[in-house]
Amino acid sequence: MRPTSPLRLSSLTALVALTACAQGSASTADELLAAVEADITTEGLDRFASAIVRYERPSGSPGENAAIDSIVAGLREAGVPVEVHTFDTYASDPVSATVEIPGTGISFEAITMAYSGETDGLVARLVDLGTLRDLPGLEVGTGQRLALEGDPRWYGDDAAPDLQGAIAMVEGQPRNVPTAALALMGASGIIFVNPEERLNDLIVTSTWGTPSLQTYQRLPTIPTVQVAKSAGDALRERMTRGPTRVRITADVNTGRKPLRLVVARIEAPDPDAPYVLLGGHIDGWYHGGTDEGASNAAMVELAKAFHRNRALLRRGLVVAWWPGHSNARYAGSTWFADHFFEELRDRAVAYLNIDGVGQIDAKRFSLSSTAALRGLGREVVRAQAGEDDIRGGTPGRNSDQAFNGVGLPLLQFNHSRLGEDGGYWWWHTPDDTYDKIDFEILKTDARLYAGALARLLADPVLPLDLVAEVEALGVLIERRAEGSRGHLDLDEASARQARLLVAVREVQDALPGHEGADIDRALLRILRPLYRVTYDPVDPYHPDPGFANGLLPGLAPVSILAEEDPGSARYLFAETTLVRERNRLLEALDLATDEAMRLSDRLR
Ligand SMILES: [Zn+2]
């Protein structure tokens with residue numbers, strides 16, 4: 001099915017667009033897309049991917065700097081305006097780790113993780129906790145208990161395992177939630193057992209971006225190491241013979257480090273026009289072929305192509321190659337959000353994140369997006385790739401999603417391999433090399449971004465579906481109400497969501513025929529307060545720990561009300577949290593409604 005049919009289809013789209021254009025009926029977006037598509041070639045993609053992937057690129061390394069230099073040179077050669085920002089962050093490079101059973105000569109291959117605590121020899125009894133999935137509240141992707149309460153107990157007070165001073169062994173990928181939770185439980189070290197026979201480099205801090213005075217206390221001090229599945233099996237087998245002590249070492253290089261951030265600015269003919277932000281990380285583990293030298297090359301080609309066709313733009317395009325993704329927890333995108341906060345709030349209208357495209361044998365399309373851009377995303381996949389089966393939807397809390405506080409609609413296209421083809425097995429390993437890139441697939445994937453960008457940059461009215469966003473929020477409110485099992489009254493929130501829905505329907509109906517920067521900004525003013533409650537647990541200016549608590553994360557403690565004895569202190573604490581969070585939600589709904597009503601008055 002792939003990659004030939006979508007390519008044929010997308011050239012067909014271009015042809016149709018060109019024909020329609022000749023007849024004078026094509027939109028500017030169609031014309032722009034046809035021109036941009038013609039400019040994106042496999043040769044161009046290969047040229048930049050080769051120049052980037054030849055280097056190992058931990059952030060701040062000579063390899064990353066060389067890759068950055070080649071991107072800057074390529075952009076400047078094409079006349080694209082480029083800025084390079086240099087700033088200090090607090091990064092962490094894993095250096096080495098060992099795991100052994102003292103006195104036996106038995107040892108296992110191991111790595112440590114970015115931001116692990118260090119030890120040059122910790123000996124302690126080993127406690128096997130099974131798999132992360134078996135530990136309620138600690139499953140991958142669910143940091144609820146810890147995020148909300150700083151309380152990792154999962155077995156109840158009586159049955160909690162005694163981890164004091166022990167090395168905890170748990171099967172699953174090293175992540176921030178289990179690391180913080182097991183440290184709070186009293187463990188002195190952690191051995192993560194990879195569920196497969198490999199080691200994937202990962203990051204264990206629950207700080208987001210460069211730590212601040214409010215967050216540096218969360219930097220882990222507990223040593224964390226990772227072993228492959230077979231080593232976990234061997235350690236378990238050993239434990240069946242009696243109490244087992246293990247010795248681990250972990251060495252990381254953590255501290256201040258200067259990073260460079262490349263930002264290309266492609267201006268529309270109106271230099272004050274709003275802009276769309278496209279970003280992806282330049283650093284990676286090892287050679288990072290598909291994670292993500294290939295995506296970085298697509299970004300260069302997109303920047304050049306839109307720059308060449310800038311006369312057709314109604315809005316500008318800002319393209320950023322984020323450093324500090326893999327070993328500094330999204331420090332580059334977070335630095336940009338911090339230092340360009342006001343500019344982003346005044347001018348940015350959407351964030352497109354690109355991560356991991358161009359994989360050999362990729363077959364499945366999915367989106368990570370806010371509801372306002374989901375319709376556009378699906379339309380583009382259908383038009384560009386001829387694919388109707390589009391999975392996924394809401395974004396997790398796991399990538400350069402640094403703009404929830406600014407309050408931007410988000411769209412990311414994913415194109416991945418199927419499990420039966422071995423999945424994305426080389427992710428975050430030394431095997432993520434140049435040969436894992438398929439340049440025909442990469443061209444298709446780049447064209448998905450071209451398709452979405454063409455609409456966002458050239459449509460008279462921004463293709464944002466306000467109604468879908470407000471409807472989605474209504475479903476979230478209902479779910480949180482149900483989750484509380486009658487313990488939290490969200491009827492008023494639902495009533496105000498219904499009022500907002502009426503208001504945005506009026507806006508959406510009245511929009512055609514109106515255009516301009518002021519309208520774009522007015523649309524964003526409606527959405528911004530909604531994103532701040534839908535994605536951010538507390539406030540727009542300080543990043544959250546990145547523990548995934550689902551959407552409307554502030555209302556996640558409804559599960560505590562549903563489970564807990566209403567006479568307990570814990571219930572009272574949860575109830576207090578939720579009353580405050582409900583105030584925040586109601587205010588967001590009111591702010592959005594005021595903005596929607598103001599805009600519809602203006603459009604009338
Ligand atoms: Zn990535």
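This is a predicted model: local features need pLDDT of at least 70, side-chain atom pairs count only at pLDDT 80 or more; totals for chains, interfaces and linings use all residues.

A: Two packed helices are described by the angle between their axes and the distance between the axes. Here α9 covers residues 289-308 and α13 covers residues 439-458; the angle is about 40°, and the axes lie 10 Å apart. Angles under 35 degrees count as roughly parallel, and α9 and α13 are therefore oblique to each other. The crossing of α9 past α13 is right-handed.

A second pair can be described in the same terms. Helix α14 (residues 466-483) packs with helix α16 (residues 517-534) at an angle of about 25°, with 11 Å between their axes. That angle makes α14 roughly parallel to α16. The crossing of α14 past α16 is left-handed. On α14 the contact is made by Leu466, Glu469, Leu473 and Leu476, and on α16 by Leu523, Ile526, Leu527, Leu530 and Thr534. Seven nonpolar residues, one polar and one charged make up this contact.

As for the whole chain, it is divided into domain 1 (4-81 + 267-458), domain 2 (93-253) and domain 3 (466-603). Between domain 1 and domain 2, the contact takes 14 residues from domain 1 and 13 residues from domain 2. On the side of domain 1 that touches domain 2, seven residues are nonpolar, six polar and one charged.

Notes
Residues are numbered from 1 along each chain as its sequence is written. Axes are lines fitted to C-alpha atoms, for helices over the stretch in contact, and angles run from 0 to 180 degrees between N-to-C directions. Helices (H or I, at least four residues) and strands (E, at least two) are DSSP runs, numbered from the N terminus. Angles under 35 degrees count as roughly parallel, over 145 as roughly antiparallel, 65 to 115 as roughly perpendicular and the rest as oblique. A crossing is left-handed if the near helix is turned anticlockwise from the far one by less than a right angle, and right-handed if clockwise. Two residues are in contact if their C-beta atoms, placed from the backbone, lie within 7 Å. Ala, Val, Leu, Ile, Met, Phe, Trp, Tyr, Cys and Pro count as nonpolar, Asp, Glu, Lys and Arg as charged, and the others, Gly among them, as polar. Domain bounds come from an automatic or database domain assignment.
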